[in-house]
Amino acid sequence: MTAQVDTTHSRIPSATPSAPPSRPVPAPRPGSRALVPAWWRDAVGVATWASALFVAALWVAGGGVQDIARGGAAALTTLGRLTGLVSADLLLIQVLLMARIPMVERVYGQDELVRRHRLVGFWSFWLMLAHIVAITIGYAAGVGLNPLVQLWELVVDYPGMLLATAGTAALVMVVVTSIRKARRKLRYESWHLLHLYAYLGVGLALPHQLWTGQEFLANPIATAYWWTLWAAAAGAIVVFRLALPIYRSLAHDLRVERIVPETADIVSVVMSGRRLDRLDPLAGQFFNWRFLAGRGWMRAHPYSLSAAPNGRTLRITVKALGDGSRELADVKPGTRVLIEGPYGRLHPGVRTQRRITLMASGIGISPMRALLEAIPADPGDLTLIYRARDARDLALRDEIDELSRENGARVVYVLGRRLPGRDTWLPESASGLSDAQALKQLVPDIAEHDLFICGAAPWMDAAAAAARECGVPDRRIHLEQFSW
Ligand SMILES: Cc1cc2nc3c(=O)[nH]c(=O)nc-3n(C[C@H](O)[C@H](O)[C@H](O)COP(=O)(O)OP(=O)(O)OC[C@H]3O[C@@H](n4cnc5c(N)ncnc54)[C@H](O)[C@@H]3O)c2cc1C
């Protein structure tokens, strides 16, 4: 069942009412590794807080509270230690958050992980600055030195401190280039390369804890804790970011089978390989891909699966936005492909409701097309809203129409130029409607639906805001950002 928004009048087609919502929600694909119990999320959250509290407890056990009570230089120095320890703990947690540990990745998904990584990163950074200031002033006050002279002595005389200074400089650079305003000025490649210096920063900044850190040296429990945390962070990076992707790439021997042009600037890449069922990807998830042709191997690009995985082939659909995506049109069949993944939580397993609305704009259709195929639904339970500027920009349209005929999904193409001067998910033709009114008109019972959204970031924000206004709770809005 398909409809097309009238682009010449401020009208949006009204929906036909669907069946009552009381029937049970169909299971997505029992047994898939990507489906995780809800309590995992709590377990990861509790583990994070527990580690910071444990570090604070070690500080208390080392006489931190008594030192505060003494006031003056002792209080400043001990506060410097506490801030340094919590900062180091958060720094390692930050590394763990981005190490693609399957349990953590499946619980949070990419967008949430990036958000948490950012939050923890900035906290760690401010605590690190507080640590440097408090320790310097505390030491200086203790021996009656000028704080600047004391800082110099700390850097040149104490073991590990020159390395720590270099590490701090690397971390400052990473943080400065991660501030949104600065980040927008950089190309993704440049920003990503600079961001890798964070590993160097962590590696250089932390050893001074081993050589000069009082808590670390005095208490065997503390020593065991910190060694375990360092080993876990380093091990997670080696195992999940290096060894596992290399193993999977070799074991599945993925090769380009064919390239299919979809629109003037969109192509699909179909790849085949050995035992792809064992990768266990779900529709809507993404991989980071490296095509071993030209310069393609140098940088991994994230692309979502645009067809439900069938165990024999994987397919992505890509819009040419820059060098990497443009080169895909010329990749030859037989080209080897390296993969990291599957990742992401935009899959049927996050579903909680019987009825589902998929909202896509532009190339955001890619994972939505796969979900349209894979989500088990009765006729009328599934609605796809596909926003594009022009009918010529609609990718995968024939497949979408065919799927909707098979599974009874409603498909609404919302076409037309962007409405100027308003943050909206609507085209110009719907200027007479608010974002929420239009959504409600299309899907009157939207408040009862799970909503999956993918597209350009501002469009997604507007669509999610409209859904919230219509009564869809945040926990039922599932997003995948295509931009960084
Ligand atoms: C989880 C996820 C899934 C995605 N799925 C698809 C998909 O199915 N189809 C599709 O066409 N595109 C998808 N993208 C976007 C795609 O990754 C980028 O368009 C592509 O990497 C651009 O690379 P480039 O060298 O061609 O362009 P560049 O010139 O390097 O950049 C063009 C634009 O893409 C963004 N970009 C570049 N590299 C990345 C990166 N590694 N991560 C995020 N954004 C980046 C930049 O911000 C820039 O605005 C997805 C992105 C993410 C994060």
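How many helices and strands are there in the protein? There are 16 helices and 12 strands, taken as DSSP runs (H or I of at least four residues for helices, E of at least two for strands) and numbered from the N terminus. The model is a predicted one, where local features need pLDDT of at least 70 and side-chain atom pairs count only at pLDDT 80 or more, while totals for chains, interfaces and linings use all residues. Residues are numbered from 1 along each chain as its sequence is written, and side-chain values use heavy atoms, with hydrogens and water left out.

Let's begin with the whole protein. Its C-alpha atoms fill a box of roughly 80 × 50 × 40 Å along the principal axes. Of the 484 residues, 49% count as buried, meaning under 20% relative accessible area with a 1.4 Å probe and protein chains only. Among contacts (heavy atoms within 4.5 Å) with a separation of 6 or more, 72% are between residues 24 or more positions apart.

Now follow strand E3, residues 266–272, where 6 of the 7 residues are buried. Strand E2 (residues 255–263) runs antiparallel to E3, joined by 7 bridges; strands pair if DSSP finds at least two bridges between them. A hairpin of 2 residues connects E2 to E3, and Arg255 has Ser272 in E3 as its bridge partner. E3 also pairs with strand E6 (residues 313–319), again antiparallel and over 7 bridges.

Finally, look at Leu250, which sits in helix H11 (residues 220–252).

Methods
Buried means under 20% relative accessible area, exposed over 50%, partly exposed in between (1.4 Å probe, protein chains only).
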